[in-house]
Amino acid sequence: MFQAELPPPPAVSAPAPAPAQSVSTVTDLRVVAALTDAQVRVDSSFRGASIVLYGAVFNPTPDPADVVVVVRGPDAPVRLVKKTRHMGVWLNSRPVLFEGAPGFYMAASTRPLNQISDFGQLRRLGLGVDHLRIDAPEEARSVTRYGVRDVVVSQLGSDYLDWRRAVIRLKEAAALYDTDPQGVRFVDQGLFRAELKLPAVAPTGRYYAEVWLFQQGEPRSVSNLTLTVDKVGVERDIYEFAHRRPWTYGLVCVLLAAVTGYAASWVFRRR
């Protein structure tokens, strides 16, 4: 009897060993970050939200590094008036409009910002409420805004800093601006976390988060993230209707108020 000779089994190459470290970890000083939730849904039961920003620092050098987290909300105009005294009577001054002030701003860091970098770097990057860019237009003019005539839009001259401090003070009182010099904590070697707290009055829209890595007072790396705060449900429908058809929305509100008032008076007359 003849028996066919079986072919030899195919050669199997040994798998390549997994690298112990990524190349970037060894050669680059950098920071990476992420959010536990990149979208916040706002409805009638919304009472604020708490989101954790976490990340890792890859530092192949022996020098320590600091992390600064900045979160900016959508820009919105801010209208201010000042109480002035005329002939013993307190009156409101002409309203002043700041354009482009962030609706939300949070800065958190591993230690106070003035210990991380110098004034020039912080001002250039806009890190911290003291260096936040809240600019009034350069040209002085009077416009009509929010149904109010003669709204002053200008640099405000020497009074600009006083008005700017007033904007920050009002935003801080509403929990929309916050600075925490110890808001970023290292939970393990190279791993850090920071907590982002959104109040119930947080504006809707797109938020931008910047995670800066500083070493020896210089920015070495940055990681950019986005966060969306959206209205959902009936609140979203009403919001979109009011902004897309403001005249119709106003007429509907007037009609509803009239119907509600008539129904209430009819009920009380019956009693």
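Is Arg133 buried, partly exposed or exposed, and what is its relative accessibility?

Guide: The model shown here is predicted. In it, Arg133 has a relative accessibility of 43%, so it counts as partly exposed; the cut-offs that decide this are under 20% for buried and over 50% for exposed. Arg133 is found in the loop between helix H3 (119-125) and strand E10 (141-145). Although Arg133 and Pro102 are 31 residues apart along the chain, 8.6 Å separates their C-alpha atoms.

From this loop we may turn to the sheets. At one end of the order, strand E9 (residues 105-109) and E12 run parallel and are joined by four bridges. Here Met106 stands opposite Asp178 in E12.

In general, side chains of opposite charge can pair when their charged atoms come close. The count of salt bridges in this model comes to two. In one of them, the side chains of Arg111 and Asp66 meet at 2.9 Å, N to O. This pair links distant parts of the chain, 45 residues apart: Arg111 lies in the loop between E9 and helix H2 (113-116), and Asp66 lies in strand E4 (residues 66-72). The two partners may also be described by their accessibility. Arg111 has a relative accessible area of 33% and is therefore partly exposed, whereas Asp66, at 11%, counts as buried. A salt bridge also forms between the side chains of Glu210 and Arg72, at 3.4 Å, N to O. This pair again links distant parts of the chain, with Glu210 in strand E15 and Arg72 in strand E4, 138 residues apart. Both Glu210 and Arg72 are buried.

A further open sheet has four strands in the order E1-E3-E14-E13, and their pairing is antiparallel. Its edge strands, strand E1 (30-35) and strand E13 (184-188), each pair on one side only. On average, with direction ignored, neighbouring strands of this sheet are turned by 30° against each other. E13 and strand E14 (residues 191-198) run antiparallel and are joined by four bridges. Across this pairing, Asp188 stands opposite Leu191, and Val184 has Ala194 as its bridge partner. The two strands form a hairpin with two residues between them, and Gly190 in the turn has a positive phi of about 85°.

In soluble globular proteins, nonpolar side chains tend to be buried together. The largest nonpolar core of this model has 55 residues, and those with the most contacts inside it are Leu53, Val69, Tyr177, Phe192 and Leu198. Strand E15 (residues 205-215) gives the most to this core, with six residues. On the surface, by contrast, Tyr262, Trp266 and Val267 form a nonpolar patch with about 320 Å² of accessible area together. Tyr262 is found in helix H6 (residues 246-270), and its relative accessibility of 56% is why Tyr262 counts as exposed.

Definitions and conventions: Residues are numbered from 1 along each chain as its sequence is written. This is a predicted model: local features need pLDDT of at least 70, side-chain atom pairs count only at pLDDT 80 or more; totals for chains, interfaces and linings use all residues. Side-chain values use heavy atoms; hydrogens and water are left out. Two strands pair if DSSP finds at least two bridges between them. Patches are made of residues with over 30% relative accessible area and no salt bridge: like charges are joined within 9 Å, nonpolar side chains (Val, Leu, Ile, Met, Phe, Trp, Tyr) within 5 Å. Accessible areas come from the Shrake-Rupley method with a 1.4 Å probe; for residues, only the protein chains shown count as cover. A salt bridge is a side-chain nitrogen of Lys or Arg within 4 Å of a carboxyl oxygen of Asp or Glu. Buried means under 20% relative accessible area, exposed over 50%, partly exposed in between (1.4 Å probe, protein chains only). A nonpolar core is a set of buried Ala, Val, Leu, Ile, Met, Phe, Trp, Tyr and Cys residues joined through side-chain atoms within 4.5 Å. Axes are lines fitted to C-alpha atoms, for helices over the stretch in contact, and angles run from 0 to 180 degrees between N-to-C directions.
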